[in-house]
Amino acid sequence: MVVTARTRLVNPRLGTYFAIFAAAFTALVLMALMLEQLDVADVILRAAMFAVPLALYAGIGVCAPAWEPGDFFACGRRVPAFFNGLVLGVAALGGAGFLAFTGAMLMSGFDGLCLGIGVYAGLVFMAVLFAPYLRKFGAYTLPSYLGRRFANGTLRIVAAAVLSAPVLLLLIAEVRFAAYAGARLTGWPESLAAVVAVAAVAGMLSAGGMRAMTWSSSAKAIAAVLALAVPATIVAVMLFNLPLPQMTQGNILRIIARIEITRGVPIVIAPPLAFDLPGTELGEIPKRYLQAFGSVGSLGFMFMMFLTAAGISASPVLLPRAGTTPGVYEARKSLGWAVLVAGIVVLTLSADAVFLRSILVGQVLHQPADQLPAWFRELEAVGAAQITPGTDVVALNNIMFQRDAALFALPVAAGLPQVLVYLALAGALAATLAALAAALMAISAMLAEDVVHGLADDVAGSRARVTVARLAVPGAALVALWLAFAIPADPLQLFLWAVTLSAAASFPVLFLSIWWKRLNAWGAMAALCTGLGVTAFVALLSETGAISLPSALAGVVGLPCAFLAAGIVTHLTPAPAANLLELAMDLRVPGGETLYDREVRLQRLKGRAPV
Amino acid sequence: MIEGEERKAYWLHTKWQMMASLLPFVVALIVLPLYADALNVKRVLGSPLGFFLTCHGLFLIAFTTVAMFVNRQDAIDHWHGAHEDF
């Protein structure tokens, strides 16, 4: 057998290619800054900041086509740990992290941290509990993994049906965030911005699947991190002469706390289960920044943090990325990079929120309503902020802010050039598109591999599998676009529902399938259905007002029920066959051939098409 | 590929490593936010301690947890001969 060193699989020029991309992106921003000084029309600057990066992402994707299933669904298992981690870290945050988390931090202060912490804690859980084992297995989707792990086609179909719910919710949420960022950036209607963004992502995915997504999303992640870092660093230098926004926010916090105390901002104490983060509309700033558990209760904070962690760690959107690395060791290492990237982004977003809050309390709080600074009037003009009508002297709860506007409001408030406002929006759009591409790829792969091919004994060859997946991408994109505008829900709420459903439906079955070899197909099916069913039922009760538990926390009921159902049903049904126990034990050992690849190779030797 | 008793020993070692990695992290996730308000009266690097520990501290603990896990689990793989072949 020919053995290829893992390092030989990785393209050694990747660093050069992405350095060229970073240089091109930086050149675009510098060029736009110069054009702004030359009084070039604003509409041209906006179009350039929207279209040029989008064309670069799509171009990178189209230049990475895939013809074989291994390339289309797993990027040929050639993605280095750093790039995999970079994409994972940014895609895990997505628009919900860049836009909604920043706004939640601005308005709810400390309480918003439950989302950011949950995301990188989820990546830690993924590194320890799931990623190495799913890489060893090598299946392209989670339903495919479950179907093969328990040798049960029905389970595969059930898993595809159950897990498509959180994936679809996440996809819709990211389409809505992309529409918001795109519309703010271009000035177009949200529907048009969404159609253009989704078409660019779908076209690229259709051509190259996971391969196109990986390299295009690497570029998006670099752009998102650069676009986030530049305005935050400039503001940190302006305030502290230190270009480290993550480390300078602490001093400002003390100033904010002092001003809020002297201005008599009240201390609000929320009930333990409260979960009241700001919505999409203009909302009041409810509480002191530093005070814990004023909008989100202590139990609500804990539940949301752990549900986000469980949902992210077992996400059907993110976990298939583990299969793209050259080996198990790289899969683990890539999660280390992912935690680093996501953590630094969370700290920077938090610093953005602190800086903006500081400018707000310093320049707007306690001012006469008719003598507000020009930048606040500018934000009012675009509907991002407002003072409660009839206010004479501004108190904290008279300041109304649009949650998702916080990221681009900072450069406006700091008086930075308009191009840096567009840069912040372009960065948010890039992160949103990375998450959108991951969700669209996951649902298309599930549709093609598990629904179309899942039940057939003799599955078509490589070309048919890739063709079906190519067709599934635009189909799923059209459905997502339609649903995004048919469902008038807050995208953060959709993201939280996706996370809570993923935590309750996906986490228990994945955990038990790796760490408890006695689990059988019936138990796995029971866990999936109970997790989804109970969580959806509790969320429904919550939305109708029948119970006081917030619907975003419904997973705290569904998750233990799913574990319980799996245990009971498994003990009431026959133990797994010896070959499945052997498979479970093979899965736990990093050495040896990837299990899915071994199965495909053996079937080819027998003259059968890969299942 | 390792076989028989060595597999059991390897998996036992891996399970302990999983718990040793996650338990302290989970405890920190629970304890630090709950005591943030009480700790905010003290300062570290100019920042209120409770907020600093929840915002920066948990991130540092998360990254250290993963880094140590990757390092130790790789050592366990090599110790039991369960590492990848190439």
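Predicted model: local features only at pLDDT ≥ 70, side-chain atom pairs only at ≥ 80, totals over all residues.
## A helix and its expected length

The expected span of a helix is 1.5 Å times one less than its number of residues. Helix α19(A) covers residues 521-543, 23 residues in total, and its first and last C-alpha atoms are 33 Å apart, close to the expected 33 Å. After α19(A) comes A:Gly545, with a positive phi near 85°.

The buried residues of α3(A) are A:Arg46, A:Met49, A:Phe50, A:Pro53, A:Leu54, A:Tyr57, A:Ile60 and A:Gly61. What do they pack against?

## How confident is the predictor?

For the complex, the predictor gives an ipTM of 0.97 and a pTM of 0.96. Chain B has a mean pLDDT of 93, with 98% of its residues at 70 or more. Among the elements of chain B, helix α3 (residues 49-79) has the highest mean pLDDT, 96, while strand β1 (residues 43-44) has the lowest, 89.

## Where the two chains meet

Now to the place where the chains touch: 41 residues of chain A are in contact with 43 residues of chain B. On chain A, the helices α6 (113-137), α10 (245-262), α11 (298-313) and α12 (328-363) each supply at least two residues of the side that touches chain B. Helix α12(A) gives the most, with twelve residues. By type, the residues on this side of chain A divide into 26 nonpolar, ten polar and five charged.

## The nonpolar core

The largest nonpolar core holds 263 residues, and A:Leu123 and A:Leu440 have the most contacts inside it. Helix α15 of chain A, residues 418-452, provides the largest share of this core, 27 residues. In soluble globular proteins, nonpolar side chains tend to be buried together.

Take a closer look at A:Leu123. Leaving aside neighbours within four places in sequence, A:Leu123 is in contact with A:Leu88, A:Ala92, A:Ile312, A:Leu335, A:Ala338, A:Val339 and A:Ala342.

## A three-stranded sheet

Chain A also has an open sheet of three strands, in the order β1-β3-β2, with antiparallel pairing. Strands β1 (283-284) and β2 (385-387) of chain A stand at the edges with a single partner strand each, so one side of each has no neighbour in the sheet.

How many bridges join β1(A) to β3(A)? Two bridges link β1(A) to β3(A), residues 399-401, and these strands run antiparallel. Within this pairing, A:Glu284 has A:Met400 of β3(A) as its bridge partner.

A:Ser502 has its place in helix α17 of chain A, residues 491-505. Is A:Ser502 buried or exposed? A:Ser502 counts as buried because 33 C-beta neighbours lie inside 10 Å, and the cut-off for buried is 20 or more. Beyond neighbours within four places in sequence, A:Ser502 is in contact with A:Pro166, A:Gly311, A:Ala314, A:Ser315 and A:Pro316.

A:Thr324 lies in a loop, the one between α11 and α12 of chain A. With 27 other C-beta atoms within 10 Å, A:Thr324 is buried. A:Thr324 and A:Ala81 are 243 residues apart along the chain, yet their C-alpha atoms are separated by 9.4 Å. Setting aside neighbours within four places in sequence, the contacts of A:Thr324 are A:Ala74, A:Cys75, A:Arg77, A:Val79, A:Asn84, A:Met210 and A:Thr214.

## Two loop residues with positive phi

A:Ala151 sits in the loop between α7 (142-149) and α8 (153-186) of chain A. Phi of A:Ala151 is near 45°, a positive value in a residue other than glycine. A:Ala151 is partly exposed, as 14 other C-beta atoms lie within 10 Å.

A:Asn241 belongs to the loop between α9 (190-240) and α10 of chain A. Its phi is also positive, near 60°, and A:Asn241 is likewise a residue other than glycine. Here the count is 8 C-beta neighbours inside 10 Å, so A:Asn241 counts as exposed.

Notes
Residues numbered from 1 in each chain as written. Chains lettered and ligands numbered in written order. Helix = DSSP H or I, 4+ residues; strand = E, 2+ residues; numbered from the N terminus. Contact = placed C-beta atoms within 7 Å. Nonpolar A, V, L, I, M, F, W, Y, C, P; charged D, E, K, R; others polar. Buried ≥ 20, exposed ≤ 12 C-beta atoms within 10 Å, placed from the backbone. Pairing = 2+ DSSP bridges. Core = buried A, V, L, I, M, F, W, Y, C linked by C-beta atoms within 7 Å. pLDDT = per-residue confidence, 0-100.
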